[in-house]
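Dear colleague,

Please find the structure below, followed by a short account of what was found in it.

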There are 6 protein chains.
Amino acid sequence: MKILLINPNTTASMTQAIAQAARAVAAPGTEIVAAQPSFGPASIECHYDEAIAAAGVAEQVRLGAAAADAVVISCFGDPGLDAAREATAAPVLGIAEAAFHAASFLATRFSVVTTLTRTCVIAERLVQRYGFEAQCAGVHGTDIPVLDLEGAGEALVGQIEEAARAAIARDRSGAIVLGCAGMAPLCAELSGRLGVPVIDGVAAAVKFAEALAALGLRTSRRGDYASPPPKPYAGCVSHLGW
Amino acid sequence: MKILLINPNTTASMTQAIAQAARAVAAPGTEIVAAQPSFGPASIECHYDEAIAAAGVAEQVRLGAAAADAVVISCFGDPGLDAAREATAAPVLGIAEAAFHAASFLATRFSVVTTLTRTCVIAERLVQRYGFEAQCAGVHGTDIPVLDLEGAGEALVGQIEEAARAAIARDRSGAIVLGCAGMAPLCAELSGRLGVPVIDGVAAAVKFAEALAALGLRTSRRGDYASPPPKPYAGCVSHLGW
Amino acid sequence: MKILLINPNTTASMTQAIAQAARAVAAPGTEIVAAQPSFGPASIECHYDEAIAAAGVAEQVRLGAAAADAVVISCFGDPGLDAAREATAAPVLGIAEAAFHAASFLATRFSVVTTLTRTCVIAERLVQRYGFEAQCAGVHGTDIPVLDLEGAGEALVGQIEEAARAAIARDRSGAIVLGCAGMAPLCAELSGRLGVPVIDGVAAAVKFAEALAALGLRTSRRGDYASPPPKPYAGCVSHLGW
Amino acid sequence: MKILLINPNTTASMTQAIAQAARAVAAPGTEIVAAQPSFGPASIECHYDEAIAAAGVAEQVRLGAAAADAVVISCFGDPGLDAAREATAAPVLGIAEAAFHAASFLATRFSVVTTLTRTCVIAERLVQRYGFEAQCAGVHGTDIPVLDLEGAGEALVGQIEEAARAAIARDRSGAIVLGCAGMAPLCAELSGRLGVPVIDGVAAAVKFAEALAALGLRTSRRGDYASPPPKPYAGCVSHLGW
Amino acid sequence: MKILLINPNTTASMTQAIAQAARAVAAPGTEIVAAQPSFGPASIECHYDEAIAAAGVAEQVRLGAAAADAVVISCFGDPGLDAAREATAAPVLGIAEAAFHAASFLATRFSVVTTLTRTCVIAERLVQRYGFEAQCAGVHGTDIPVLDLEGAGEALVGQIEEAARAAIARDRSGAIVLGCAGMAPLCAELSGRLGVPVIDGVAAAVKFAEALAALGLRTSRRGDYASPPPKPYAGCVSHLGW
Amino acid sequence: MKILLINPNTTASMTQAIAQAARAVAAPGTEIVAAQPSFGPASIECHYDEAIAAAGVAEQVRLGAAAADAVVISCFGDPGLDAAREATAAPVLGIAEAAFHAASFLATRFSVVTTLTRTCVIAERLVQRYGFEAQCAGVHGTDIPVLDLEGAGEALVGQIEEAARAAIARDRSGAIVLGCAGMAPLCAELSGRLGVPVIDGVAAAVKFAEALAALGLRTSRRGDYASPPPKPYAGCVSHLGW
């Protein structure tokens with residue numbers, strides 16, 4: 001089975017770190033093909049970054065999904081998720097969505113710990129759209145820049161741990177969702193420290209993608225996830241039209 | 001990996017049919033251990049049946065979950081789900097919940113086709129509790145008794161197909177969720193006929209259970225899913241206390 | 001008029017205490033018939049206890065409701081409420097539901113003070129199911145074990161009073177709902193101390209049951225509250241089938 | 001016990017008819033004191049009528065509630081309900097609210113049959129405010145003018161019956177709420193014809209008011225239902241200030 | 001263009017102050033015609049005041065709207081808004097509604113700072129009715145009486161500023177809505193101090209009213225905003241019937 | 001005052017048609033500067049088109065908003081709205097949002113008539129995000145391709161009229177929202193035919209933008225609408241970074 005793992009930002013080292021986290025949990029026989037857009041922001045820390053990055057995700061699905069059995073979008077805002085589901089019949093999972101679903105199987109209430117406080121609203125709107133308002137008890141920013149997570153040392157891990165402990169107490173939560181793909185490498189360490197389930201969306205999305213693909217389930221071609229209607233695309237994305 | 005697959009009713013032939021459906025999708029290395037309560041209704045077709053069956057699920061988790069890596073509850077009302085999550089740290093999945101989650105990955109709107117119309121409210125309340133109100137576009141009864149599904153012939157399959165087609169059109173849906181564990185053996189046939197994803201909760205729950213267990217994720221022991229507080233149990237369930 | 005008052009746990013002294021609270025508010029001419037299941041937990045302090053207790057409620061309604069004009073279920077999780085409504089056409093009231101309804105007549109916002117914090121989620125889900133999300137401003141645990149409420153002295157009363165005062169201030173509430181049948185005997189004392197309406201669900205349920213029965217209103221036999229479909233019941237509950 | 005029963009419109013014959021319906025269900029020892037505003041519309045069939053009528057309800061509570069143990073507002077829009085709860089500590093019930101609560105005790109879904117279609121939105125907003133969105137499956141107009149209900153003959157009763165039957169089928173409902181105080185005299189007849197619980201809000205409000213008063217429960221004086229702050233009132237309502 | 005600006009209370013100095021605030025933002029060519037009811041409370045600080053004031057708004061629209069191109073209701077509870085929309089086809093705006101809409105264009109989350117804490121529930125219900133629950137992050141009382149706002153000095157302005165700062169921090173808000181027409185004259189000063197958008201509903205309503213009127217948009221005459229059905233009105237409002 | 005009017009697709013004739021509709025309603029002194037992205041789809045008819053177009057909107061705001069007093073995004077999916085609000089402090093309005101707000105001022109319920117049925121879900125999600133679920137009674141597709149609206153003749157106008165009439169009846173609506181910028185030129189004709197308010201989002205957004213700008217209100221710079229954090233952008237959008 002081949003999973004196309006898209007890092008929506010354009011930082012190659014982060015793409016590799018996410019791919020490594022994905023490979024660590026993939027089943028034998030699952031190949032992780034990592035990709036990043038040819039254009040866009042070095043990290044995604046606001047709506048503006050995200051709008052450009054979503055187009056980058058659309059590009060990568062358009063160009064690369066034909067050979068994939070499933071697709072995972074590895075940014076906690078799930079940028080371009082609906083576009084990707086139109087652009088391929090392979091099942092597509094966002095890591096925020098996968099993490100929320102996994103957490104809801106393990107605790108009646110969970111909290112999200114993420115990077116910049118200004119991006120909390122992005123996660124909160126996904127919580128609303130996906131319907132986890134009763135289960136998600138809080139979204140908490142740490143104001144750690146995304147790229148600082150690469151090679152994070154004890155100081156950053158401790159900061160995330162502290163935010164998670166505060167969230168568990170304040171939100172009466174039973175589980176923690178890590179609100180950034182860049183936190184994937186820290187999941188095991190934080191699980192050990194916190195004593196509650198800690199969910200990394202990259203890992204969850206890879207396993208759920210394997211599950212759906214194994215069942216032969218594919219994205220519905222009926223309704224709004226049908227293939228895009230053919231039309232010309234102008235300018236630097238002219239090769240992305242249908 | 002060992003999955004305890006609980007059929008909440010007491011009809012042994014149905015337990016075996018569900019187990020067979022589960023084994024058909026289980027990964028190599030996954031053992032399906034099927035069980036049913038020592039007491040309770042032959043099928044679950046109303047709140048009253050369900051209340052007794054939920055106690056039966058609690059019994060089976062209490063007695064059998066110690067040796068399991070994950071638990072699946074195979075009735076579309078997810079009876080005893082919260083009780084089971086307290087009674088074991090192994091991840092526990094209900095088939096309604098698993099099916100809703102799977103469907104939400106594949107279509108923006110899905111419809112449920114179930115057995116007795118009087119049980120629609122049970123599924124509708126799960127939709128509300130789990131937060132799928134924006135995605136679940138309708139729950140539709142066929143008034144087929146649960147046990148009639150065993151060895152269902154063309155007449156019954158055609159009846160379900162017709163109900164599904166009507167639901168897709170009326171609800172503007174892109175996927176169908178089968179609203180009864182007894183429909184599991186019909187999933188492949190109906191998928192072929194309908195041309196949209198058809199989700200059987202038994203299969204979905206087994207694969208999601210494998211996914212969670214593979215990630216080492218277990219039910220939170222913090223908060224309301226902590227182990228039950230010890231106390232005496234009276235009467236015919238005296239062996240079930242903690 | 002005869003009201004069947006079911007204590008869902010199996011502690012006889014608590015059954016008697018609840019019956020006494022009910023008789024204290026019953027109208028002249030109302031007979032309170034107290035009952036408890038033949039099996040189940042000594043108290044209900046988690047989902048697991050509740051799942052077994054709900055079956056016990058179903059048993060008592062099955063065996064005893066024929067002679068009753070109304071039924072009251074006296075545990076704040078309203079276990080077995082839907083099952084009971086199928087098993088008899090007499091009106092059935094849960095004490096959580098009755099208390100929420102009464103509180104909403106008296107204040108725009110109310111707070112619940114209950115026993116174990118781990119059970120808050122049970123009340124919160126009832127709030128969601130019944131539709132009191134805009135009126136219920138908070139559910140607060142005191143971590144007092146249920147059976148400690150029997151013969152509660154000043155220390156416990158003071159602890160509940162303090163929790164109620166904190167809830168009123170924090171939640172901007174105008175009324176307090178007592179979140180356990182075992183608190184019924186404390187209602188008058190707490191009302192006097194707090195200076196806001198304090199609602200005991202046992203009393204509220206008894207009076208609303210009298211009201212419905214006096215109007216000749218009975219549980220609908222149409223739809224999902226119709227009598228259970230006949231079928232065999234296995235094992236220790238074989239006498240409970242329809 | 002004395003219940004102040006306010007008909008918010010100014011049609012004396014309707015006030016008497018409602019009073020008669022209330023007396024028919026009142027307990028021995030309950031005195032029904034009927035009143036209507038000194039000003040306002042002959043019937044309430046739109047927002048404009050209702051805005052004036054709500055002031056009329058405030059007048060009657062201001063002038064008459066001191067001697068009452070409970071107050072009932074007998075128009076299905078519950079006009080002036082919050083104002084009345086500030087103006088007296090006696091419990092106050094609206095007939096829409098009482099009917100919704102009663103119906104939710106008897107069926108998982110109910111439908112409302114009311115007078116003018118243009119007033120459906122008034123009931124729908126009460127459903128939203130009170131939190132009955134999951135239980136109220138539909139509000140249906142018959143376009144019968146309110147005052148035509150006085151001395152309604154077979155034609156009108158048949159029209160309401162037909163609308164109720166259609167609602168039950170379309171909404172999958174188990175009970176009918178009558179959406180106008182003027183329908184109170186038809187409740188018994190319609191119950192007999194329809195075979196499901198039919199709830200008249202006047203009757204329900206009277207019994208719930210008796211229940212609350214018997215328990216000694218009064219409107220909270222803390223928060224937004226505290227007595228109005230003293231201030232001058234100008235013009236034709238100068239005697240209504242605090 | 002002529003805008004009828006109704007102050008729902010009967011304090012003439014406040015009517016003039018609101019008119020002045022409206023004229024300060026009105027376009028050249030817009031005439032502001034200020035009015036207040038002939039009866040009712042000197043200020044609106046509770047549900048009771050509001051119920052009477054809503055009738056006063058209905059009076060002023062009935063008597064004065066014929067010559068107006070748009071109507072603005074200048075009290076933060078939007079009293080009589082629906083009645084006014086029936087009583088004239090000119091577009092009608094409430095200041096709470098206008099302020100909420102404006103704020104939602106400028107920030108993902110906003111907070112309301114109002115007068116008496118007891119009136120917070122009025123604003124909260126408008127938030128619910130209008131659908132701003134995800135955007136309005138909090139409603140905060142200052143317990144400043146409405147009429148104290150006239151000629152407010154530094155002490156009061158400082159108190160409102162402090163409440164606004166606390167709200168911004170606690171609610172994670174990006175904008176402040178002033179929750180009383182009497183605060184209109186303070187808007188510019190508070191904007192300067194707070195460094196976030198501060199929205200005065202009077203100004204917002206005037207500009208939105210101009211916008212709608214310029215587009216030729218008028219209140220729908222179809223459905224529940226159709227003109228009131230003709231009928232007699234009794235007593236001191238007999239001239240207000242249709 | 002200068003309004004930057006962005007057509008998110010790349011069809012120049014449609015940009016001109018929208019600009020013409022905007023200029024027809026703009027106040028004297030308002031200059032409409034029309035723009036379209038340098039890249040992207042010829043029309044927006046699915047999530048995939050929209051994801052690319054949102055990046056195009058971000059481009060145009062990044063390059064052109066410095067000189068604008070307000071920005072209007074002229075596609076009914078409001079693509080790139082949040083990104084645009086970060087990229088400029090000038091107020092930004094989407095046409096779907098503006099139309100919903102305008103409609104809610106004029107009728108208690110409105111219906112949307114749009115182009116392809118597959119895009120209904122896009123409007124429905126905006127309805128959910130913006131909070132118009134109680135007011136928007138239905139979103140209806142006509143399956144008219146967006147670019148067919150250019151120079152629409154009687155056949156297309158009649159088709160839209162018919163869909164609107166059906167929506168009004170089925171949804172019990174009092175107003176119609178046109179669900180595509182391409183329908184702007186048809187608004188007056190349809191208003192005349194339908195007899196209810198017909199709202200074109202382009203016109204509504206222009207007037208609301210004028211209103212906000214006239215009040216000196218600007219997008220909050222506090223919280224998640226703060227300017228994007230500076231960082232490198234790669235590839236064909238490298239000039240769009242901050």
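Chains B and C meet through the same surface, since 100% of the interface residues of chain B are also interface residues in chain C (contact means heavy atoms within 4.5 Å). This is a predicted model, in which local features need pLDDT of at least 70, side-chain atom pairs count only at pLDDT 80 or more, and totals for chains, interfaces and linings use all residues. Residues are numbered from 1 along each chain as its sequence is written, chains are lettered from A and ligands numbered from 1 in the order in which they are written, and side-chain values use heavy atoms, with hydrogens and water left out.

Chain B is superposed on chain C by a rotation of 180° with 0.0 Å of shift along its axis, at an RMSD of 0.0 Å (least squares on the C-alpha atoms of residues with pLDDT of at least 70 in both). The two copies are thus related as by a two-fold rotation axis.

Chain A contains eight helices and ten strands (DSSP runs, numbered from the N terminus: helices are H or I of at least four residues, strands E of at least two). The C-alpha trace of chain A spans about 50 × 35 × 35 Å along its principal axes.

Helix α2 (residues 47–64) of chain A and helix α2 (residues 47–64) of chain F have axes that come within 8 Å and cross at roughly 140° (axes are lines fitted to C-alpha atoms, for helices over the stretch in contact, and angles run from 0 to 180 degrees between N-to-C directions). Among the residues making this contact are Y48(A) and R62(A) of α2(A), and Y48(F) and R62(F) of α2(F).

Yours sincerely
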